[in-house]
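Student: I have a protein model open and I'd like to learn how to read it. Could you walk me through it?

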Amino acid sequence: MAKATSNIDTSRPDRFPLPATGYALLFAALAAYGLYALLISGPAMRDAARADLERTIADENRQFCGAFGVSPTSAAFPACSKELAIIRQKQVDRDNAAAQGIL
């Protein structure tokens, strides 16, 4: 009876293939960068964006109220800014309603 021979080389132990190692290292680097962006730089970027938005709104308030003769140092300026905040909120509500298909 003839013995069946195998084409598998059993003289070398199985190794992790080199291309798969490269892909695993790339995936690990991308995961590490993602975690860094999410946990470290993400909050700082959100804080910077929030501060930029607050500056922009303050500039708009000064420009708009100033166009109607209300200076930032006058007693009427806080009331003008409050009314602008109400107008902005109503616009956000309209935009959200339009996005949901209500309008």
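Predicted model: local features only at pLDDT ≥ 70, side-chain atom pairs only at ≥ 80, totals over all residues.

Student: What counts as a salt bridge, and how many does the structure hold?

Tutor: The rule is a side-chain nitrogen of Lys or Arg within 4 Å of a carboxyl oxygen of Asp or Glu. The structure holds 4 of them. Besides the pair we began with, D47 forms one with R50, with 2.9 Å between the closest N and O atoms. R55 forms another with D52, where the closest N and O atoms are 3.5 Å apart.

Student: Where do D47 and R50 sit relative to each other in helix α1?

Tutor: They are 3 residues apart in helix α1 (residues 18–67), so about one helical turn separates them. R55 and D52 are likewise 3 residues apart in helix α1, about one helical turn.

Student: How do I tell whether a residue is buried or exposed?

Tutor: Look at relative accessible area: under 20% is buried, over 50% is exposed, and in between is partly exposed (1.4 Å probe, protein chains only). Now try the salt-bridge residues. D47 is partly exposed at 44%, and R50 is partly exposed at 47%. D52 is partly exposed too, at 40%. For the pair we opened with, E60 comes to 38%, partly exposed, and R88 to 25%, also partly exposed. Over the protein chain, buried residues make up 10% of the 103 residues.

Student: How many helices and strands does the protein chain have?

Tutor: Helices (H or I, at least four residues) and strands (E, at least two) are DSSP runs, numbered from the N terminus. Here the chain has 2 helices and 0 strands.

Student: What span should helix α2 have?

Tutor: The expected span is 1.5 Å times one less than the number of residues. Helix α2 (residues 77–99) has 23 residues, so it should span 33 Å, and its end C-alpha atoms are 33 Å apart, which agrees. Just after α2, G101 takes a positive phi of about 85 degrees.

Student: Which residues of α2 are buried?

Tutor: They are F77, C80, S81, L84 and A97. Keep C80 in mind for the next feature.

Student: Which residues does the disulfide join?

Tutor: The general idea is that a disulfide is a covalent bond between the sulfur atoms of two cysteines. The cut-off used to spot one is a pair of cysteine sulfur atoms within 2.5 Å. A search of the whole structure finds 1, joining C65 to C80 with 1.9 Å from S to S. The pair links distant parts of the chain, with C65 in helix α1 and C80 in helix α2, 15 residues apart. The angle about the S-S bond is -100 degrees, which makes the link left-handed. Both C65 and C80 are buried.

Student: Which residues form the largest nonpolar core?

Tutor: In soluble globular proteins, nonpolar side chains tend to be buried together. A core here is a set of buried Ala, Val, Leu, Ile, Met, Phe, Trp, Tyr and Cys residues joined through side-chain atoms within 4.5 Å. The largest one has 5 residues: C65, V70, F77, C80 and L84. Helix α2 gives the most to this core, with 3 residues.

Student: What does L84 touch?

Tutor: Contact means heavy atoms within 4.5 Å. Not counting residues up to four places away in sequence, L84 touches N61, F64 and C65. N61 is found in helix α1 and counts as buried, at 9% relative accessibility. Leaving aside neighbours within four places in sequence, N61 is in contact with G66, F77, S81, L84 and R88.

Student: And how far apart are E60 and S81 in space?

Tutor: They are 9.3 Å apart, C-alpha to C-alpha, and 21 residues apart in sequence.

How values were computed
Residues numbered from 1 in each chain as written. Heavy atoms only, no water.
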